[in-house]
Amino acid sequence: MAFEPPPRLVRALAETNGAGDWLRGLPAALDDAVAALGLSVERVQVPGGRSSLVVLVRRSDGSPAVLKLIPPRSRPASERAALAHWHGLGAAQLLAPESSAGDGVLLLERLNPDVSVRTLPEAKALLEGAATLRRLWVEPPAGHVFETVAERTGRQAEAMRASVSGPGDEAAGLVDTALGLRTDLLADPPERLLLHGTFRQSKVLGGERMPWLAVGPDPVVGECAFDLARLVRDRVEDLIATPSGAATTRRRVKRLAESLEVDRERLRGWTVFRAVESGVRARRVGRDRDADWLLEFATWL
């Protein structure tokens, strides 16, 4: 099938070393996956995701499904294992647990790609997003293959240190604060559960089997506050644009911590770390506007 990968995917993968070869091989990889799974293609989803190609397909019995092609760097085996473990509870159902099409291919329950929790008013979006996230927090399977929060943030911490040019770097103080918070938070985590890993409002889509289901996990094992921290900064561009952004953010931390019974200070700490890490990474790849937003957001906490 000849097609042009969605621009959003191309832009996102341009920040990843070695992604060019994967992108160039996508048409052939899609043809192979469709043939192996006996599918018919409706269309490539646009704008689609930032880390995978999403294709609307039909199975041999005519039922709708979604085919995802995922580059190796995005850990497709880990995503498959998490979706299989959740078995449709709070997340899209994995339709072919053992794919004959390869490790980087997932066949999933089709949700409504145009209706996400992000389309709801903010207060309702936070409520529905948090409720969906809670369903995903379960004990990981025995002998799991998932990365831990300590491992993931350890890699991120090294990159953060390397990205600071010196004491005169305006981000240096925030990086030091974020790294100190990480050390304290990892000293005594309250639980070790399977987490979504990259949860935000746009990753919760409308479904038929359940009103809202999560998609696109980058699963990790650790404490709930780490997962919830990404939700705190959702719609950061709107927060930055309003004079009450800082106060709204602090209220979010309080409301989410109370509603999901997560320690408020731990949630605040992981929110700072994840915002600074994302901000420094955005600056490193030239997304200066995103970097400025995220680093300013971190100062509010």
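Predicted model: local features only at pLDDT ≥ 70, side-chain atom pairs only at ≥ 80, totals over all residues.
The residues of α12 differ in how far they are covered. Ala291, Leu294, Leu295, Phe297 and Ala298 are buried. These residues cover an arc of only 155 degrees around the axis, which puts them on the same side of α12. Arg289 and Thr299, on the other side of α12, are exposed. An α-helix has 3.6 residues a turn, so residues three or four places apart point the same way.

What do the buried residues of α12 pack against? Their partners are five helices: α7 (172–187), α8 (224–232), α9 (236–240), α10 (245–259) and α11 (264–284). Phe297 gives a close view of this packing. Leaving out residues up to four places away in sequence, Phe297 touches Val232, Arg233, Val236, Leu239, Ile240, Thr249, Thr271 and Ala275. Phe297 also belongs to the largest nonpolar core, which has 69 residues. Together with Trp137, Leu228, Leu256, Leu267, Trp270 and Val276, Phe297 is among the members that touch the most others in that core. In soluble globular proteins, nonpolar side chains tend to be buried together.

Next come the sheets. Four strands make an open sheet in the order β1-β2-β3-β4, with antiparallel pairing. At its edges are β1 and β4 (105–109), each of which pairs on one side only. From one strand to the next, the twist averages 30 degrees.

This sheet can be followed strand by strand. Strand β1 (residues 40–44) is joined to β2 by four bridges, and Val41 stands opposite Val57 in β2. Strand β2 (residues 53–58) is mostly covered, with five of its six residues buried. Six bridges link β2 to strand β3 (residues 64–69), where Leu69 stands opposite Leu53. β2 and β3 form a hairpin with five residues between them, and Gly62 in the turn has a positive phi of about 90 degrees. Five bridges then connect β3 and β4 in the antiparallel sense; the bridge partner of Leu69 in β4 is Val105.

Two helices lie across this sheet. Helix α3 (residues 26–37) lies across β1, β2, β3 and β4, and runs at about 140 degrees to β3. α4 lies across β3 and β4, and its direction is at about 30 degrees to β4. Apart from neighbours within four places in sequence, Glu79 is in contact with Lys68, Ile70, Leu106, Gly216, Pro217 and Pro219.

Another open sheet has three strands in the order β5-β8-β9, again with antiparallel pairing. β5 (112–116) and β9 (212–214) stand at its edges with a single partner strand each, so one side of each is left without a neighbour in the sheet. The twist here averages 55 degrees from one strand to the next. Two bridges join β5 to strand β8 (residues 204–206), and Asn112 has Gly206 in β8 as its bridge partner. Helix α5 (residues 122–136) packs on the sheet and touches β8 and β9, with its direction at about 55 degrees to that of β9.

Some places in the backbone remain to be described. Most residues other than glycine have a negative phi, and most peptide bonds are trans. The bond between Val46 and Pro47 is cis, with omega of about 10 degrees, and Pro47 is in the loop between β1 and β2. His87 is not a glycine, yet has a positive phi of about 50 degrees; His87 is in the loop between α4 and β4. Arg235, in the loop between α8 and α9, is also a residue other than glycine, with a positive phi near 60 degrees. His87 counts as exposed at 59% relative accessibility, whereas Arg235 counts as buried at 13%.

Note on methods: Residues numbered from 1 in each chain as written. Heavy atoms only, no water. Core = buried A, V, L, I, M, F, W, Y, C linked by side-chain atoms within 4.5 Å. Buried < 20%, exposed > 50% of the residue type's maximum accessible area, 1.4 Å probe, protein only. Contact = heavy atoms within 4.5 Å. Pairing = 2+ DSSP bridges. Axes fitted to C-alpha atoms, helices over the stretch in contact; angles between N-to-C directions. Arc of directions from axis to C-beta.
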